[in-house]
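Please open the model in your viewer and keep the sequence panel at hand.

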Amino acid sequence: MKKGAASVEGVEVKVWQVPEILSEEVLGKMGAPPKTDAPVITPQELAEADGVLFGFPTRFGMMAAQMKAFFDATGGLWREQSLAGKPAGLFFSTGSQGGGQETTPLTAVTQLTHHGMVFVPVGYTFGAKIFDMESVHGGSPYGAGTFAGDGSRWPTELELEHAFHQGKYFAGIAKRLKGGSA
């Protein structure tokens, strides 16, 4: 996703993570992977972005609680409509094929809608590869996705290509909306 977005000339890409709300004990019992060294975002930093691609794991067909808690903390931005008109996209990982490759983004769109953000789905712009039936892969017209399984499965080459495409596609649209040409 980051590589795709950064491939658009004049686009600066920042990677953030939302605050953790679960204890180390609970994370350990879940077998959660260690956190990255990406900085933790605040709601105000979200308001400074020209566009946002939100990526998160799925829990029971919806975004993980950490992401929902972050959105819940954006009430001040909602009150001021600080995110209105900003482009936003979604990408996700699920534990299984029936784990929410479509329900997760569908339920996440409500957060974007309340903020007045412009949802930019990837649609079928990835082309025929999205229809590949020879390999197991995540993703949908709502966004790139992967099947994480128990956390040991890494994204396939096809899933990474889909993510690159979505990042590039989204960054081009965000740049045009900001007033540049893509």
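The model is predicted: local features need pLDDT of at least 70, side-chain atom pairs count only at pLDDT 80 or more, and totals for chains, interfaces and linings use all residues. Residues are numbered from 1 along each chain as its sequence is written, and side-chain values use heavy atoms, with hydrogens and water left out. Helices (H or I, at least four residues) and strands (E, at least two) are DSSP runs, numbered from the N terminus.

Select strand S3 (87–94). Seven of its eight residues are buried, so S3 is largely enclosed by the rest of the structure; buried denotes under 20% relative accessible area, exposed over 50%, and partly exposed in between (1.4 Å probe, protein chains only). Strands are taken to pair if DSSP finds at least two bridges between them.

S1 and S3 run parallel and are joined by six bridges, with leucine 53 opposite glycine 89.

Next, show strand S5 (residues 145–147), which is parallel to S3 and linked to it by three bridges. Here serine 93 faces threonine 146.

Then select strand S4 (residues 118–119), paired with S3 in the parallel sense over two bridges. Alanine 88 lies opposite phenylalanine 119 in S4. From S3 the chain passes through H6 to S4 in a right-handed β-α-β crossover: with the strands pointing away from the viewer, the path from the first strand over the helix to the second runs clockwise.

**The largest nonpolar core**

Which residues have the most contacts inside the largest nonpolar core? Display Leu46, Phe54, Phe56, Met67, Leu90, Leu112 and Met117, within a core of 18 residues. Such a core is a set of buried Ala, Val, Leu, Ile, Met, Phe, Trp, Tyr and Cys residues joined through side-chain atoms within 4.5 Å.

Centre on phenylalanine 56. Beyond its neighbours within four places in sequence, its contacts (heavy atoms within 4.5 Å) include Met63, Met67, Leu90 and Ala108.

**Two single residues**

Move to threonine 74, in the loop between helix H4 (65–72) and helix H5 (75–80). Threonine 74 is buried, at 2% relative accessible area. Apart from neighbours within four places in sequence, threonine 74 contacts Pro43, Leu46 and His115.

Finish at alanine 6 in helix H1 (residues 2–6), which is partly exposed at 45% relative accessibility.
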